[in-house]
Amino acid sequence: MSVELVMPKAGLTMIEGTISTWKAEEGASVKKGDVVMEFENEKTTMECEANEDGILHIAAQAGAVVKVGKPVAFIAASKEEYENLKNGGSVPQAAADSVTVSVDAVEVVMPKAGLTMIEGVVGEWKAAEGETVKKGQAIFDFENEKTTMECEATADGILHQIAKTGDTVKVGHTVAYIAPSKEAYDALAKGAVPGSHPMCANECEVCQRDVALSMATTAQQGGNAVAKDGHIRATGLARNIAKGADVNLALVGGTGPNGRIIAKDVYAYLETAKAAPVAAPVVKAVQATGEVVKTLLSGRRKSIAKNMRKCFETMAPLTVFAEIDVTDLLTMRQKYVEKADVLGCKISVNDMLMLATVKMLKKHPMLNSTFDGETISSYPYVNLGMAVGLAEGLVVPVLKNADQYSLLEMSKALRDLALRAKDETLVGGEQSGGTFTVTNVGMFNIDFGTPVISPPQVGILGFGTAKKKLVEYKGEFCPRTMMHIMLTFDHRVFDGREAGEVLGDMKQLLENPELIFV
């Protein structure tokens with residue numbers, strides 16, 4: 001029997017991977033354990049091995065982005081099975097089970113109850129699974145950030161629940177279906193999907209776009225959305241759409257409550273404007289020179305972009321700063337440099353900063369944690385990530401059990417990781433499992449910035465350029481070497497008071513470097 005080869009999950013945060021290259025050709029005979037494919041995630045490039053003996057049938061080509069657990073290939077047990085797969089025949093049962101049929105049903109979505117609401121939590125279900133409901137009947141409670149409300153059935157039929165009590169659902173996303181018949185309900189319960197598109201009675205952009213198309217010919221422009229004081233009444237979504245399309249809201253008629261402009265009004269205005277003839281402006285002819293250069297993002301760059309955006313979509317990141325006197329730290333480091341022959345390596349400022357960070361994390365275990373949205377996991381060990389900037393993008397090798405290292409051991413280990421990161425010879429597992437990350441941007445002449453957390457970690461510490469300044473020291477002004485440190489933390493997990501304590505402890509350690517070794 002043929003078996004699936006799926007996209008592996010290589011790291012806690014990986015949700016999809018990009019196929020780099022196939023090491024085995026279509027139709028090649030492979031053995032269990034053979035490397036058949038290379039793939040990239042947000043951190044590195046890895047190999048995927050065959051999970052069975054057989055003949056390889058490739059389902060996803062090089063460059064394709066595939067979600068974790070989804071098929072990238074099949075391995076046929078025999079020549080006959082391979083020919084069947086190649087000619088579009090049946091796939092293994094595991095893949096076939098995911099295929100669904102379409103039925104007619106009405107979708108019930110999470111309502112938008114307030115301008116700022118982006119998601120709601122499903123509360124108590126007022127109607128049970130499989131119960132016959134009437135249009136207008138309250139079927140479940142939901143909560144937003146302010147209150148608890150009821151959601152009513154949008155049609156008569158049989159209720160099929162999708163979201164459970166306690167689930168968080170984005171506005172406009174599916175909570176349940178209402179099947180018009182027993183046959184349709186049975187099909188939904190067995191995994192069929194509805195054939196209709198979601199239609200939300202609230203301010204859902206997907207729905208409003210469809211509604212606007214049918215209103216384009218009847219929309220009244222320049223209506224009663226402008227108040228007597230000149231203020232234009234419009235929803236936030238309508239304003240965003242108008243801003244993106246460069247539309248003057250004063251020209252748009254509002255059909256919302258009290259004449260307020262809503263998203264569908266802006267879409268209707270845009271549709272009407274498309275149909276209206278526009279006089280071509282007189283433009284001076286200018287001869288274009290050169291060519292536009294378009295560069296496709298690499299798989300690594302796409303993964304970095306997605307991971308960076310995930311921080312702001314799923315977290316409440318906040319960055320705090322402190323300026324620290326590192327004169328004594330640099331003096332101590334210079335003594336180590338002069339003894340490099342005795343020590344066997346040249347201690348860097350970064351080595352000392354990393355060791356100080358580890359000591360701080362042992363005092364603040366909540367910062368040495370991960371958070372999945374419900375549970376905070378604090379670790380008894382420190383797996384310290386070190387951001388390394390390459391021309392192709394950022395990589396973050398992880399020093400496992402960093403709290404067990406001396407300064408000399410840490411210096412050698414960090415130098416080895418950094419060199420192999422630049423040579424792209426890091427092995428599997430050396431870029432995953434981090435509990436906290438440090439980024440030193442001082443070497444790039446950056447004074448300070450706002451480091452971005454790598455989910456599911458809850459913090460990242462950054463160091464800026466060390467510069468001499470005239471500051472007050474022991475009652476008089478004199479030149480001292482100062483450095484900014486930047487802590488970005490997830491405000492869902494802890495608050496400004498704890499962040500201030502972290503910066504205070506780092507200040508004590510770096511201004512009194514002998515404490516790092518106590």
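A: We may begin with Pro-456, whose place is in the loop between β26 and β27. Please keep in mind that this is a predicted model. A cis peptide bond, with omega of about 5°, joins Pro-455 and Pro-456.

Q: Which other residue is found in the loop between β26 (436-440) and β27 (459-463)?

A: Phe-444 is found there. Together with Met-443 and Ile-446, Phe-444 forms a nonpolar patch on the surface, and the accessible area of the three comes to about 320 Å².

Q: With which side chain does Lys-467 meet in a salt bridge?

A: Here one looks for a side-chain nitrogen of Lys or Arg within 4 Å of a carboxyl oxygen of Asp or Glu. Lys-467 meets Asp-447 in such a bridge, at 3.1 Å from N to O. Lys-467 lies in strand β28 (residues 467-473) and Asp-447 in the loop between β26 and β27, so the pair ties together parts that are 20 residues apart in sequence. Lys-467 is partly exposed, with a relative accessible area of 39%, and Asp-447 is partly exposed as well, at 30%.

Q: By how many residues are Arg-497 and Glu-501 separated in helix α12 (residues 496-511)?

A: They are 4 residues apart, which is about one helical turn. Their side chains meet in a salt bridge of 3.0 Å, N to O. Arg-497 counts as exposed at 57% relative accessibility, whereas Glu-501 counts as partly exposed at 37%. Elsewhere, salt bridges that share partners join Glu-124, Lys-126 and Asp-141 into one network. The count of salt bridges comes to 19.

Q: How many residues of α10 are buried?

A: Helix α10 is mostly covered, with 11 of its 15 residues buried. Among them are Asn-350, Asp-351, Met-352 and Leu-361. The helix takes in residues 349-363 and reaches 22 Å from its first C-alpha to its last, close to the expected 21 Å. Lys-362 is also found in α10, but Lys-362 is partly exposed, with a relative accessible area of 45%.

Q: What does Lys-362 touch, not counting residues up to four places away in sequence?

A: Lys-362 touches Pro-380, Val-382 and Asp-403. Lys-362 and Tyr-381 are 19 residues apart in sequence, and their C-alpha atoms are 8.3 Å apart in space.

Q: Which residues other than glycine have a positive phi, and where are they placed?

A: One of them is Asp-246, with a positive phi of about 55°. Asp-246 has its place in the loop between α5 (236-245) and α6 (263-275), and at 73% relative accessibility Asp-246 counts as exposed. Another is Glu-424, whose phi is near 55°. Glu-424 is found in the loop between α11 (407-422) and β26 and counts as partly exposed at 48% relative accessibility.

Q: How many helices and strands does the protein chain have?

A: The secondary structure comes to 12 helices and 29 strands. Buried residues make up 42% of the 518 residues in the chain. Among contacts between residues at least 6 apart in sequence, 62% join residues at least 24 apart. The accessible surface of the chain comes to about 28,000 Å², of which 54% belongs to carbon and sulfur atoms.

Note on methods
Residues are numbered from 1 along each chain as its sequence is written. This is a predicted model: local features need pLDDT of at least 70, side-chain atom pairs count only at pLDDT 80 or more; totals for chains, interfaces and linings use all residues. Side-chain values use heavy atoms; hydrogens and water are left out. Helices (H or I, at least four residues) and strands (E, at least two) are DSSP runs, numbered from the N terminus. The expected span of a helix is 1.5 Å times one less than its number of residues. Buried means under 20% relative accessible area, exposed over 50%, partly exposed in between (1.4 Å probe, protein chains only). Patches are made of residues with over 30% relative accessible area and no salt bridge: like charges are joined within 9 Å, nonpolar side chains (Val, Leu, Ile, Met, Phe, Trp, Tyr) within 5 Å. Accessible areas come from the Shrake-Rupley method with a 1.4 Å probe; for residues, only the protein chains shown count as cover. Contact means heavy atoms within 4.5 Å.
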